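User: I am new to this structure and would like to learn how to read its features. Please begin with the general idea and then turn to the case at hand.

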Amino acid sequence: VLALAVGAGVWWLWSDAKVTTAGRTAFTNELAIPPLAESHVDEKTGRRVFDLRMQAGETEFRPGRKTPTWGFNGNYLGPTLRAKRGERVEVRVRNSLDEASTVHWHGMHLPARMDGGPHQMVEPGARWSPNWRIDQPAATLWYHPHPHGKTERHVQRGLAGMFLLDDENSERLALPKRYGVDDLPVVVQDVKFDGDRFDHGHGLMQNIGFLGDRTMVNGTLDPYRVVRDERVRLRLLNASTARTYDFGFADGREVALVGTDGGLLERPVAEDRVRLSPGERAEVVVRMRAGERAVLRGFPLDSGYGDAWQKRFAGGDDSFDVLQLRAARTLRPSPGVPAKLAGQELPDPADAVRERHFELKMSGINGRSMEMDRVDATVTRGTTEVWTVRNENGMPHNFHVHDVQFRVVSVNGARPPAALRGRKDTILVPSGTTMKIALRFDGGPEFADPDTPFMYHCHLLYHEDGGMMGQFVVVDRGGRAGTPKGGGHAG
Ligand code: C2O
Ligand code: CU
Ligand code: CU
């Protein structure tokens, strides 16, 4: 048995070593842009109504080869939902799959019953229509399933989409904002094929989860996009289930980082690398020169990542050419990136009424594995807390909190880097790192719900599925947590 395992390990290392060249690509396919979801305003309720149907199908990622996939309103991924601050939205979700799932609005501030976490299961053939008021700044959010123990598989099959929020300020700002023209959604996933099908195997010793051997953007392999404007905004979403990317341009040019998970930064920050772990987003503006071809790359992770897990598992080279931008021979001039972007709605750690500690381990958080009917933390509506999140586990983890956008207060005791000073809902916590975050649990009376928990978890989905997740409820002052109803199946 041992010899077999060693033999298989050698084969596996060798087979992954070939990835090194697969990371360079020819950019032969025009980048698909997810359509903007249609919506209408219901006269009676005043809500902006969207329809999302989870369905199974086939996708031809490569000519003549059909891969079984899942999607929303289509065969792979989903349309981009878009709404404005102050609007009330309703999403009519219908599950046409043959297994139960959920739809979670990652990054959205909304009552727990509407969150689409593991307690809001939608059975095959059933419908679920959450509604809420958009009450947060313009941002690049996303949606994906969250069935406990199955999230990795449901996301890998293709269930993910963007949810863009606008506000008065973002509509006024001189940033590129024509969707699909100079404002591009960039949904990055790593994939691996086994013949016509996806190969979602983790490989031997692969305990950070699935790592693919090539990347796709918006479901397009080897993608290029022709751009006709001097400045292009990329809304980067790491929709991979385990892989962290250090995004940058192959020629080393700097981009203007203008937004993070929860919205626009106060001012643009010049960066040559933008690191995103699973679930994180960034908005960057890149300046193009007429006629050039610029390649967005995921660079090898090294310094600062804490350890070399991912690199080791990728056979020594984990860089990927992600997307090529082809500039037209003449470009429309774009205004410069504004020096002031947005006011910052960030919690103040000085207001904290309570501190909590979270120790990240693959086996669970604070030594406990997720239980659907156990509430791990009870927070009071309208208060601020400071959470300390620590990883000494020898492997990378990240940390995502539902309902709120938080502020990173410190990283190993120091002031966070510029890219971590804006609104965040997911942070990479490399091994050997302690991060302090401040969170404010705001919201109207409908946010107090002792029986319906929100989640916090590692967004490496294999870890999340394996129990690296906990639950908190929001209650009114003096309130106590109830008992979450097991599956809470919608029907
Ligand atoms: Cu992106 Cu708990 O999720
Ligand atoms: Cu989330
Ligand atoms: Cu993890």
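Analyst: Two residues are in contact if their C-beta atoms, placed from the backbone, lie within 7 Å. Leaving aside neighbours within four places in sequence, T69 is in contact with G57, E58, T59, N75, Y76, R157 and G158. This is a predicted model, in which local features need pLDDT of at least 70 and side-chain atom pairs count only at pLDDT 80 or more, while totals for chains, interfaces and linings use all residues. Residues are numbered from 1 along each chain as its sequence is written, and chains are lettered from A and ligands numbered from 1 in the order in which they are written.

User: Is T69 buried or exposed, and in which strand is T69 found?

Analyst: A residue is buried if 20 or more other C-beta atoms lie within 10 Å of its own, exposed if 12 or fewer, and partly exposed in between, with C-beta atoms placed from the backbone. T69 counts as buried because it has 23 C-beta neighbours inside 10 Å. Strands (E, at least two residues) and helices (H or I, at least four) are DSSP runs, numbered from the N terminus. T69 belongs to strand β4, residues 65-72.

User: Which domains does the assignment give, and how many residues does each side bring to the contact between domain 1 and domain 3?

Analyst: Domain bounds come from an automatic or database domain assignment. The assignment gives domain 1 (2-20 + 174-332), domain 2 (31-172) and domain 3 (349-475). Domain 1 brings 27 residues to its contact with domain 3, and domain 3 brings 24 residues. On the domain 1 side, the elements giving two or more residues are β20 (255-260), β21 (263-271) and β22 (274-276). Of these, β21 gives the most, with four residues.
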